[in-house]
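Visitor: Before we start, could you take me through this model by setting each value against the definition behind it?

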Amino acid sequence: MKIKKEVIDNRPKFKLQVDTRTTITVRSAEALKIWQEKYPEAKLIE
């Protein structure tokens, strides 16, 4: 039997809270910039 290798993702994660119920996780700074342009009130959580 083969053993599955764990995939470790070292890319940064950014969490944006668009409103009280919606939280978006993005992986790149470019995507973060685009989301913040669409939703200027969005708060960066992590």
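Guide: A salt bridge is a side-chain nitrogen of Lys or Arg within 4 Å of a carboxyl oxygen of Asp or Glu. The model is predicted, so local features need pLDDT of at least 70 and side-chain atom pairs count only at pLDDT 80 or more, while totals for chains, interfaces and linings use all residues. Residues are numbered from 1 along each chain as its sequence is written, and side-chain values use heavy atoms, with hydrogens and water left out.

Visitor: What makes the pair Asp 9 and Arg 27 a salt bridge?

Guide: The closest N and O atoms of Asp 9 and Arg 27 are 3.0 Å apart, and the limit is 4 Å, so the pair qualifies as a salt bridge. The pair links distant parts of the chain, with Asp 9 in the segment before β1 (14–17) and Arg 27 in the loop between β2 (23–26) and α1 (29–38), 18 residues apart; helices (H or I, at least four residues) and strands (E, at least two) are DSSP runs, numbered from the N terminus.

Visitor: Why is Asp 9 called partly exposed?

Guide: Buried means under 20% relative accessible area and exposed over 50%, with partly exposed in between (1.4 Å probe, protein chains only). Asp 9 has 37%, so it counts as partly exposed, and Arg 27, at 31%, therefore falls in that class as well.

Visitor: How do you know that β1 and β3 pair?

Guide: Two strands pair if DSSP finds at least two bridges between them. β1 and β3 have two bridges, in the antiparallel sense, and four bridges join β1 to β2, which also run antiparallel. The open sheet of three strands has the order β2-β1-β3; β2 and β3 (43–44) each have a single partner strand, so one side of each is left without a neighbour in the sheet.

Visitor: What makes up the largest nonpolar core?

Guide: A nonpolar core is a set of buried Ala, Val, Leu, Ile, Met, Phe, Trp, Tyr and Cys residues joined through side-chain atoms within 4.5 Å. The largest one has six residues: Leu 16, Val 18, Ile 24, Val 26, Leu 32 and Ala 42.
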